Amino acid sequence: MTATNQQIVLASRPDKEAVAANFRLVSTPVPALADNQVLVRHHFLSLDPYMRGRMNAGKSYAQPQPLDQVMIGGTAGEVVESRHAGFKAGDKVVGMGGWQQYSVVDASQPGTLRKVDTAHIPLSAYLGAVGMPGVTAWYGLVKICTPKEGETIVVSAASGAVGGAVGQLAKVRGCRAVGIAGGPDKCRYVVDELGFDACIDYKAHRDPKALYAALKEATPDGVDGYFENVGGLMLDTVLARMNAFGRVALCGMISGYDGQPIPLTHPQLILQSRLKLEGFIVSEHMGVWPEALKELGTLVATGKLKYRETVAQGIESAPEAFLGLLKGQNFGKQLVKLV
Ligand SMILES: NC(=O)c1ccc[n+]([C@@H]2O[C@H](COP(=O)([O-])OP(=O)(O)OC[C@H]3O[C@@H](n4cnc5c(N)ncnc54)[C@H](OP(=O)(O)O)[C@@H]3O)[C@@H](O)[C@H]2O)c1
């Protein structure tokens, strides 16, 4: 095999805001396969907010992305050559192939490569609604927000890969689903396409009082479960609207990923409303993935769970698309198409 593999490596660590110069495009030859190895051609690369944390050297729940190595990332693609009995050319697979066109995978390592069925579910959805973001939505909602019929569930970054699924899964469970998103187009989509009951455009309500007033109108019975993707002003505002014994799933704090301070201004609300706040990392709950993927796969295959994708073209577009994701320029799941 003499194909060339274009890759994006982490060239330097960000000083506050991540910039394009933190990444570098390199070309390497695709190596010959050893026993048990599988060569995968990536059709789609998933861009996800967690990658921003990996770019830093500081302490976190995961090791930092090493410099000068291919950026970490989920991929969906096709086996082009195999020296492992469990895989053959043409198999559609998902894995953690990284920001590159091809990956060589040691398929004897459990969990490194998963075959997927694209008869009823498009390949790209395995990186979104029927993949890690979907399971994230499912875990935070079902296991932490524990929604009951008639309750009100609020989710921030509501038009995104995770947020969009949270509201729809809440509706399936008979809840009132309220989103918070940036801009009228995203809010219209969240209500008209995804079927949320209401959506608040936080960009039209920039100060705490205005945001609280909009939230109050959208949640006449208060908030029982909050799925947090953003942090800062949003967390502050929703906490003030939580009902007694409400549950808050702390999934993401994207408004602070470039190092901005996102203070919690009224922590006493946690006590006064007897709230449960719980952070989680979806990869630490592999036990629920089969159950979650079963529900998500069925809902997507039957058209009951909708999603939207923003697709950048070509590996060289990955850095700008990723930086755009951190600024809300994506609309739905951010992917890079590589074939
Ligand atoms: N805990 C876990 O295991 C886990 C797993 C997956 C994802 N997550 C987290 O879940 C959240 C959503 O991830 P996703 O993949 O679904 O991404 P996404 O929602 O598809 O895209 C990110 C969205 O965040 C919003 N955003 C970006 N910067 C913002 C800012 N400064 N202030 C407010 N909103 C901002 C933007 O939406 P608007 O235009 O609406 O602002 C943007 O479109 C992220 O916080 C991510 O880190 C956590």
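Trainee: What share of the residues is buried?
Mentor: Buried residues, meaning those under 20% relative accessible area with a 1.4 Å probe and protein chains only, make up 52% of the 339 residues in the protein. Keep in mind that this is a predicted model, where local features need pLDDT of at least 70 and side-chain atom pairs count only at pLDDT 80 or more, while totals for chains, interfaces and linings use all residues. Residues are numbered from 1 along each chain as its sequence is written, and side-chain values use heavy atoms, with hydrogens and water left out.

Trainee: How many helices and strands are there?
Mentor: The protein has nine helices and 15 strands, where helices (H or I, at least four residues) and strands (E, at least two) are DSSP runs numbered from the N terminus.

Trainee: And why call it as compact as a globular protein of that length?
Mentor: Because its radius of gyration is 20 Å, close to the 20 Å that the globule rule gives for 339 residues; the radius is taken over C-alpha atoms, and the rule is 2.2 Å times the number of residues to the power 0.38.

Trainee: Which residues have the most contacts inside the largest nonpolar core?
Mentor: They are Val130, Val135, Val166 and Leu169, in a core of 49 residues. Such a core is a set of buried Ala, Val, Leu, Ile, Met, Phe, Trp, Tyr and Cys residues joined through side-chain atoms within 4.5 Å. Among the elements that each supply at least two of its residues are helix H2 (132-145), helix H3 (161-172) and strand E9 (176-181), and the largest share, seven residues, comes from H2. In soluble globular proteins, nonpolar side chains tend to be buried together.

Trainee: Staying with H2, is Thr136 buried or exposed?
Mentor: Thr136, which has its place in helix H2, is buried, with a relative accessible area of 6%. Leaving aside neighbours within four places in sequence, Thr136 is in contact (heavy atoms within 4.5 Å) with Val162, Phe227, Cys251, Phe280 and Val282.

Trainee: How far apart are Ala198 and Gly134?
Mentor: They are 64 residues apart in sequence and 21 Å apart in space, C-alpha to C-alpha.

Key. Buried < 20%, exposed > 50% of the residue type's maximum accessible area, 1.4 Å probe, protein only.
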